[in-house]
Each structure stands twice: as structure tokens, then as C-alpha cells.
Amino acid sequence: VEEVVLLNLADFIRNHHEAILREWESFARTLLPAAEGMSQVRLRHHADEILTAIVGDMETPQTEAERAEKSKGLRERGPLGVLGGIHATLRTESGFEVSQLVAEYRALRASVFRLWGNEGHDLAEAIRFNEAIVEAVAEAVAGGMETRLGESEAHFRLLVESVKDYAIFILDERGRVRTWNPGAARIKGYTAPEIIGKHFSVFYPPDEVASGKCDRELETASREGRLEEEGWRVRKDGSCFWANVTITALRKPGGTLIGFAKVTQDLTARRETEAKLRIVAAEKAALAERAAIQEFQERFLAVLGHDLRNPLASMEMGRALLLQRPTIAGDPASARVLGRMETSSRRMALMIEQILDLTRSRLGGGLEIRPAPTNLCTILNGIVDELRIAHPTRAIELRCASLPGTWDKDRLEQVFSNIVGNAIDHGVADKPVTVEASLEGTTVRVDVHNEAPPIPEDLRAKLFSPFRRGNQESRTSHTAGLGLGLYISNEIVAAHGGAIDVHSSSVEGTTFRVTLPRSTGTPPYSKARGE
Amino acid sequence: MTHTVLVVEDEEELREMMRDALELNGYAVVAAREGQEALDAIGRIEQLCLVLLDLLMPGMNGWEFFAKMRALPALAGVPVVVHSSVTDGVPEGVTRVLQKPFALDRLLSIVGEYCEK
């Protein structure tokens, strides 16, 4: 009798198959947002087959023991279970929530019960149907969850695979490599087949392995859950890199250790950048210190230059006063001593002026000039006359026509006194020094030439640097000085908008060429000036 | 009557050397070591022909002394020759500048222009 009643429900479902499917479809359409825009075919996905499988399940004879196993989920999956699982997977991939999947079956059950009740049947006969639905629901939940977990795992795998800047891999509980990502391959140089199964100590310098560091790290990660450190690691090719390493213990829900997740970042580039920045900072500090020392030295020179002038003025005035005394002026020995004192005073005065010129040009941003109309030929004549008196045995030839222009007369006297004086000091004694001035358009050119051994290349390069004389050149009585003359001459010519060039060879001798614009753009100096 | 030169100079050796140089060459000299001392003395000088003024001095410096002196009508026309290591920043209106170290004949030549023995 029971068989007949049950067949009646199964037959009933078979007879109302399309009506039930329509209600399934209508309900599925309400499961938003996943169902939005879905076709009828997709909304009814597997419903037809599931319904048929349910009927088949209901028509299969079943003992009480089998029924009990089925309710506990212990029975092997039948056609309904398989279909329910596939349906759950597809629905989940379409975006359905697990709760919506369950709701779909609950709606199916409600539809069947309602239709069945409407026709006056006994609801108690629906027990088998209900059990079939419960099985489908169980499959729906399991399938949906599996799909979700599968998706998560796939996403995680994709993430790990896409990371190129970090080595991310799993170690088993004994420290052997279980997984390997492209970042690990890139950073450490091993391919997955080469390294999987090897102990992670291959990444450590041998001395650290020998000291037991690897075991200690796993122990720490195991005990504390996590370990992070920076240190040297070894690539496959034996080269080392500076790494940030994190080891995280992996445990089952019950607490059993199953391995370690290891994340390694290559910090070599950052470390090198930091090292370079430290070097740059140190160099900047050293430069700043050198600049401070140089400024101190130059300020010291400036103060010294000023303060030396007073005693020098006093000594020079005293010498001149003594020379005024008839008893002293009339004594040849006294007059000779006072003459030497005068020479020394002048040299000292010149050095003080050079020091002050140096400090003015270095601390004050260049030498100041006070241009006014003058004649360069007149200047050169005066200089050559003075030098002829000072060096009566030397021949100095001057070729110069009238060269009017606007220049600082005193400063140009300083320049040519220095350059022509140098030509005499360093020239061959029996060869003349020639000074030739000429006009070329808006520029005047003065060539000072002597016959002398050529100036060495390395010295030529720093001829106009201050204190160039240093220890490299012997000092004689007539060349003794600070080595500032050419530096200051160059500064003066530059302040006029001109330049000094040097040509020196064993064949042609040495020529200093001074070029000056005829009119210097600097406005005349307005302040009262020294005498 | 002999003209008097006022020498204002803080460094003793140079101040006294200038006094000697001028006195030995026939001029009367009053010397002061800084501006205030010079101002105190200047009113008592009858035939002041020239002030030889240093600029960098402790106490009242040369710039301040010059401004105060020029503000006194009786002294406004007295020539002032600055003798200094610095030639930049010399006060406007000084008669001329004599840069240290200067030669004796240059000093006598300038004083000779303004003063009678």
C-alpha cells in the first residue's frame, strides 16, 4: 500500500513537471543580483534533471537503515547528489550565495507541497520527497562551499604566482621546500624542480648554517608564531644578497605544526642606495667642512692683511724719517741698510695687497674695478720704463701705438707689471722680452713674449690658481712671493671682460696674450678712492 | 701761527710715528686714540688745518666721529683725510683717502696742501 501512495506523489510530480519548473524559474529569477538578466535556460539549470532524479530517488526502495544513513549524510552519492553538486557549483560560479541555493530548494519543496495539498493529498506522503530535497540541499551547501574554497585557493595561487619581488614559498615542518613561486626563482636563482624537497639552509651562508641558525629560526617561528629578520642570503650562483625574511609557522586548527610560510625580499638595491646616500652625505659634510676651513683661512688672511698695514706703515715711516736725518743720510752704510729696509717694506706691502686682493676676489665675489678713460700705451710705457730701471741689464722691447680705451688704470698697471716682470724673471737673460700691443676691432691685444724653457703642461693648467707656486717651484730672491700675481692679474682682466692666454713651446718661447675690450661696461666707481 | 694737525689713530706706534714725522717737519700735532678723545680735544685746537682720521678704532670709530664733527658748524669746513686699511665704505664727504701703508713723502705732501708751518 505504501508503495502505491509513494508512487502517487512521484507520478504527481511527473504530471506537474512543467508547472513545478515554472515556479522554480520564477523563484530563481528573484535571487538577485546573480539572477539578473539570466536566460530561462540558465534559471532552470538542472532543475529538470534534479526533479527527475528526486522522483527516481523516491521510487527507489529503501530500508529503514538506509534511510537513517541517508539522513546522516553517510550514503554514497547517487544521481541526485551528483546533480545537486554540479548545480551548486554552476550557481556559485554565477554569483549565487549558498543561502540562495538553499532557498531555491526550499521554494521547490514549497511549490510541490502546495500543489500536492491543493489536490487534497495527504502531506505525510511527502516524507520521501522531503528527504530527497534535504539531500539536494546538503549537496548544494557542500558544492557551494567547495566552489568558494576552490576559488579562494585559485585566487591565492594566482596572487602568489604573480608576485615577482618576493620569494614566497612553503617549508614543511622540517624546513624542506614544498612550494616555489616566480619571485623565489628570480631572487634565489633556483627553478622549482631544482629546489623543491631541498632544505632551506641552502639559502644561508655556510658559517650561519654551521652555527645552527636555520634550526634556531624554525624553532623561534614555531615557538612565537613568526620570525622576521634581515641578513645575508646566498643565491644559487653563490652570490650574496641582503634580505628581509619572514617565517610564519603554519598549524592545523588543532595546533599541529604542518610547516612554515617563508617570505623573502631582496633588499640589496635598497641597501646599496642607502650606502650610496651615506657616502654622498659624508662627502657633502667633508666638502662643507673644507669650505668652512677655506673661508676661515681667507677671512683670517683678510684680517691679517688689514692688521699688518699699521706696523708696516709705522716701520716705513720710521725708515723714511731716519733717512731725513742728515747724520744718517750722510753715512753710506746707514743709507744702504735703510735702502734694504725700503725694498723689504715694499715687498711686504705688495704681499699684503695681494692677500687683500685674493680675499676680496674670493669672499667678495670678484675684484672691483673702476674704469675711466685712459691710454693703454701710456700704461705700458710707464711699466716698461720702471722695469728697465729695475733691470738695467735686460732688453725690453715695446711696440705700441696709441690705444685709448676705458679701463682701470691702476689695476692694468698691476697686471702688466706682473706679466712683464714675470717674463723678465723667467726669461733667458740674453734674449729680449717683447711687449707688443695692437688694436683688433673693439678689442686690444697685448702679447708679452720671452725666450725661456717651456712651461710644463701640468703647471700651465694651474698657472692662474692662487698659491700655485707652493712647493713645486723653487723660490729665488727675485721670484719669492705668494704665487698670487697671475691669479690676481687674471681676476683683474676678467673683471674688465677680457682674458689671458698662454702659449709656450721650446721653439716659439712663451707668450702671455692679454685681450681686453676697449670699453669696459662697468660704471665708474663713485666712492672716494685710495691714494 | 703754526697750524695744527689732529691725528686720530688707535695704534700707538703708528700714531706716535705720525706725530714725530709731522713735528719733525715743522707742524704742530694733537693726537687722539679714538673718536671721543678727538672730539674732546678738537674744541681746544685754535688753528686746526687738517684731521688725519683712522676709521677702524675701538670706542668711537671714524665714521661716527666724522658725522659728529661735520655737525659742528665751526668745524664743518675742516678737511678730513682718512688714513685706513679699508677704502670701501669711506664716509661721504671726506676730503681724500690715504691708504695704509703710506709713504712719508706722500703724507707730508698731503699735509703740505692744507697746513702751514
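Predicted model: local features only at pLDDT ≥ 70, side-chain atom pairs only at ≥ 80, totals over all residues.

Q: How many aromatic pairs over all chains?

A: Nine, from a search of the whole structure. Rings of Phe, Tyr and Trp (its six-membered ring) pair if their centres lie within 6.5 Å; planes under 30 degrees apart are stacked, over 60 edge-to-face, the rest tilted. One of the pairs is A:Y190 with A:F203, edge-to-face at 6.0 Å centre to centre and 65° between the planes.

Q: Where do A:Y190 and A:F203 lie?

A: A:Y190 is in the loop between α9 (182–188) and α10 (192–195), and A:F203 in the loop between α10 and α11 (206–210), so the pair ties together parts 13 residues apart in sequence. Helices (H or I, at least four residues) and strands (E, at least two) are DSSP runs, numbered from the N terminus.

Q: Are those two buried or exposed?

A: Both A:Y190 and A:F203 are buried. That means under 20% relative accessible area, with exposed over 50% and partly exposed in between (1.4 Å probe, protein chains only). They also belong to one aromatic cluster with A:F169 and A:W180.

Q: Which charged end sits over the ring of A:F203?

A: That of A:K188, 4.1 Å from the ring centre. The cut-off is NZ of Lys or CZ of Arg within 6 Å of the ring centre and within 35 degrees of the ring normal. Likewise, A:R91 has its charged end over the ring of A:F96, 4.7 Å from the centre.

Q: OK, new topic. Which residues have the most contacts inside the largest nonpolar core?

A: A:L376, A:L412, A:F416, A:V446 and A:F512, in a core of 41 residues. A nonpolar core is a set of buried Ala, Val, Leu, Ile, Met, Phe, Trp, Tyr and Cys residues joined through side-chain atoms within 4.5 Å.

Q: What elements give two or more residues to this core?

A: Among them are α15 (332–363), α16 (376–390), α17 (409–426) and β11 (509–517) of chain A. The most comes from α17(A), with seven residues.

Terms used. Residues numbered from 1 in each chain as written. Chains lettered and ligands numbered in written order. Heavy atoms only, no water.
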